[in-house]
Amino acid sequence: KEYKKRPWSIRERVMLKEHYSTMSVTELQEKVLPSRTENSIRKQVATYVKEVGVFRQKEIYAKSKSTKQ
């Protein structure tokens with residue numbers, strides 16, 4: 001596969017913030033942000049947490065990571 005890095009749009013960030021607390025990372029990638037990889041979604045969340053503080057429900061992030069193990 002050939003991946004092309006591109007900046008996150010404001011619309012994508014808004015959609016991520018709206019749905020992150022109610023969906024797993026896998027669901028976000030499949031239903032809301034199909035053009036983004038699960039890893040890029042996790043990295044965007046981490047960037048947001050660094051910039052702003054805490055995302056609404058960190059346990060969903062942890063849950064999606066634990067299902068991969």
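Predicted model: local features only at pLDDT ≥ 70, side-chain atom pairs only at ≥ 80, totals over all residues.
**Surface.** Residues are numbered from 1 along each chain as its sequence is written, and side-chain values use heavy atoms, with hydrogens and water left out.

**Burial.** Of the 69 residues in the chain, 33% are buried. Buried is under 20% relative accessible area, exposed is over 50%, and partly exposed is in between (1.4 Å probe, protein chains only).

**Fold.** I found four helices and zero strands, in the order α-α-α-α along the sequence. Helices (H or I, at least four residues) and strands (E, at least two) are DSSP runs, numbered from the N terminus. For contacts between residues at least 6 apart in sequence, I read that 54% join residues at least 24 apart; a contact is heavy atoms within 4.5 Å.

**Salt bridges.** I listed three, each a side-chain nitrogen of Lys or Arg within 4 Å of a carboxyl oxygen of Asp or Glu.

Arg42 pairs with Glu38, with the closest N and O atoms 3.5 Å apart. Both Arg42 and Glu38 are buried. They are four residues apart in helix α3, so about one helical turn separates them.

Arg6 and Glu12 meet at 3.5 Å, N to O. Arg6 is partly exposed at 39% relative accessibility, while Glu12 is buried at 9%.

Arg36 also bridges to Glu12, with the closest N and O atoms 2.9 Å apart. Arg36 lies in the loop between α2 (25-32) and α3 (38-52) and Glu12 in helix α1 (residues 10-19), so this pair ties together parts that are 24 residues apart in sequence. Arg36 is buried, as is Glu12.

I recorded a volume of about 400 Å³ for the largest pocket. Of its twelve lining residues, Lys4, Lys5, Arg36, Thr37 and Ser40 are the closest to its centre. A pocket here is an open set of points on a 1 Å grid over the protein atoms alone where a 1.4 Å probe fits, with protein on both sides within 12 Å along at least five of seven lines; lining residues have an atom within 4 Å of a point. Points are joined across faces, edges and corners, and the volume is the space filled by probe spheres set on them.
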